[in-house]
Amino acid sequence: MSLTFEEAGARVDAYISQFEEGYFPPLLLLARLTEEVGEIARVLAHENGKTPKPGEDVGDLEMELADLLFVMVCLANRRGLSLERGFTRMMEKIETRDAERWTRKETRE
């Protein structure tokens, strides 16, 4: 199943809209983003040599990345931003600015 940013935004909005509280305020969303990045760091540390504490789950990187994406979608929705437009603009920027920054793989003919 594929999902566009627009579809993800609509699905998150449908979920959040059923609650009186609605979206968290921006600074609380920022705190949640920071928390999720920390969870991603924990999983990566466990996968790359750090021994988990006794009884501590190694973690699920896919779920932690999805948690981060959920919070990003919430923040974009709350501010009325388009992640699709933003992502397209970001890719255009790096594809132009960084076009010659890295060593390209040789293509086989």
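Predicted model: local features only at pLDDT ≥ 70, side-chain atom pairs only at ≥ 80, totals over all residues.

Residues are numbered from 1 along each chain as its sequence is written, and side-chain values use heavy atoms, with hydrogens and water left out.

Begin by selecting V12, I16, Y23, L29, L33, I40, L68, V71, V73 and C74, the 10 residues of the largest nonpolar core. Such a core is a set of buried Ala, Val, Leu, Ile, Met, Phe, Trp, Tyr and Cys residues joined through side-chain atoms within 4.5 Å; buried means under 20% relative accessible area, exposed over 50%, and partly exposed in between, with a 1.4 Å probe and protein chains only. Two or more residues of this core come from each of α1 (5-16), α2 and α3, and the largest share, four residues, is given by α3. Helices here are DSSP runs of H or I with at least four residues, numbered from the N terminus.

Next, colour the charged side chains: the count is three salt bridges, each defined as a side-chain nitrogen of Lys or Arg within 4 Å of a carboxyl oxygen of Asp or Glu. Select E39 and R42, whose closest N and O atoms are 3.1 Å apart in a salt bridge; both residues lie in helix α2 (residues 26-47), three residues apart, about one turn of the helix. E39 is partly exposed at 25% relative accessibility, and R42 is also partly exposed, at 22%.

Move on to R97, D98 and R101, which a network of salt bridges links. The N to O distance is 3.0 Å between R97 and D98, and 3.8 Å between R101 and D98. Is D98 buried or exposed? D98 is buried, with a relative accessible area of 15%, whereas R101 is exposed at 54%.

Finally, show the surface and select F5, L69, M72 and F87, a nonpolar patch with about 320 Å² of accessible area together. Patches of this kind join nonpolar side chains (Val, Leu, Ile, Met, Phe, Trp, Tyr) within 5 Å, from residues with over 30% relative accessible area and no salt bridge; the areas come from the Shrake-Rupley method with a 1.4 Å probe.

Note on methods: Patch = residues over 30% accessible without salt bridge, like charges linked within 9 Å, V, L, I, M, F, W, Y side chains within 5 Å.
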